[in-house]
Amino acid sequence: MTIPVIYSLAEQHPDVEITFVTRPFFARLLINAPANLRVFAADLKGRHRGARGLLRLMHELSALRPTAVADLHNLPRTWVIDTWFRMRGIKVRMVDKARSKRKKALRNKTEQKPFTERYRDVLGELGYDVRLTFKSLYEHVPAQPPVDPGSRAVGIASFARYANKTYPPEMMRQVAAALAAEGIDVYLFGGGGKEAEVLSGWEKDSPRIHCVAGTFAIEQELALMNRLRLMVSMDSANQHLASIAGTRVVSIWGSTTPECGFMPYGQSRENAVCHRIECQPCSVAGTPQCPLGHMKCLREINPKEIVDKVLSNIS
């Protein structure tokens, strides 16, 4: 969710040298980055692990001689880094995650500011006005996917980190089969191991269903997403990955709702499938199980509703 903001900043302020500090895996997402944007990979499992590693990280970041620091994470580790730079007279601003307000919003069901706007606000406080003009990682350089999905292909990412944000697999399997029956090639995205095992079983339903879970590197998955007509995803990382790849998303919401602030960048609220039942949302970002044990927020979404939403977007 930070990429649209950072790329917009870099392109609108070409005289500013930007260093984006993130974990090595996420560093790989900054594809076709603007020339004034570089990545610093913080190896939190290696050289930057623990207290000594954090001290080493701060020394290495200090060597870059930053004139301003934007903390887009707002967690204990970054609080220490923020303090380090403040003590050296460097201007620091931190994202306001509005944790207490978001918890209150669960009870009042009030709309929360999208996180892309929260990140943009941080840059504004540092003196950098940013318009969110980012369109795609492949806006200037064409994607090179590992396979050619053809002209009428849809991706499905049916899993999420938490169970109460995951559409029941047996129902999503119906969605995949119904789309394949409409002559659409369906690409199934997910992690390796158990997810790949489940999704590979769906391939038996139609020769148009292709499981790519655990097959390609993240850079290749993004390139493939870019070539799809549309992506079906839960409120999970994949809806955000598809968005930065420049692909339309039909998102499905369970324990959370679009009003919680995690709508994917540049996507239409009309393509968010969410019934907003009485107990929804029940969490800000998801939990391991449904507090009431019924999962109605997801089980009451008929597979046909998702299929119809997809067809209306690609017809």
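Six strands make up an open sheet here, ordered β7-β6-β5-β8-β9-β10, and the pairing is parallel. At the edges sit β7 (209-211) and β10 (272-273), each of which pairs on one side only. Keep in mind that this is a predicted model.

Let's look inside that sheet. Strand β5 (residues 153-157) runs parallel to strand β8 (residues 230-234), and four bridges join them. Within this pair, Ala 157 stands opposite Ser 233 in β8. Helix α7 (residues 169-181) lies across β5, β6 (185-189), β7, β8 and β9 (249-252), and runs at about 175° to β5.

Now for another pair of strands. Strand β3 (residues 68-71) runs parallel to strand β4 (residues 91-94), again with four bridges joining them. To get from β3 to β4, the chain passes through helix α4 (residues 76-86), giving a right-handed β-α-β crossover. Ala 68 stands opposite Lys 91 in β4. In a regular strand, side chains alternate between the two faces of the sheet. For β3, Val 69 and Asp 71 are on the covered face, while Ala 68 and Ala 70 are on the uncovered one.

| Strands joined | Bridges | Facing residues |
|---|---|---|
| β3 and β4 | four bridges | Ala 68 and Lys 91 |
| β5 and β8 | four bridges | Ala 157 and Ser 233 |

Last, a glycine. Gly 201 is part of helix α8 (residues 194-202). Is Gly 201 buried or exposed? Its relative accessibility is 17%, so Gly 201 counts as buried, the cut-off being under 20%. Between Gly 201 and Ala 177 there are 24 residues in sequence and 12 Å in space, C-alpha to C-alpha.

Terms used. Residues are numbered from 1 along each chain as its sequence is written. This is a predicted model: local features need pLDDT of at least 70, side-chain atom pairs count only at pLDDT 80 or more; totals for chains, interfaces and linings use all residues. Side-chain values use heavy atoms; hydrogens and water are left out. Buried means under 20% relative accessible area, exposed over 50%, partly exposed in between (1.4 Å probe, protein chains only). Helices (H or I, at least four residues) and strands (E, at least two) are DSSP runs, numbered from the N terminus. Two strands pair if DSSP finds at least two bridges between them. A crossover is right-handed if, with the strands pointing away from the viewer, the path from the first strand over the helix to the second runs clockwise. Contact means heavy atoms within 4.5 Å. Axes are lines fitted to C-alpha atoms, for helices over the stretch in contact, and angles run from 0 to 180 degrees between N-to-C directions.
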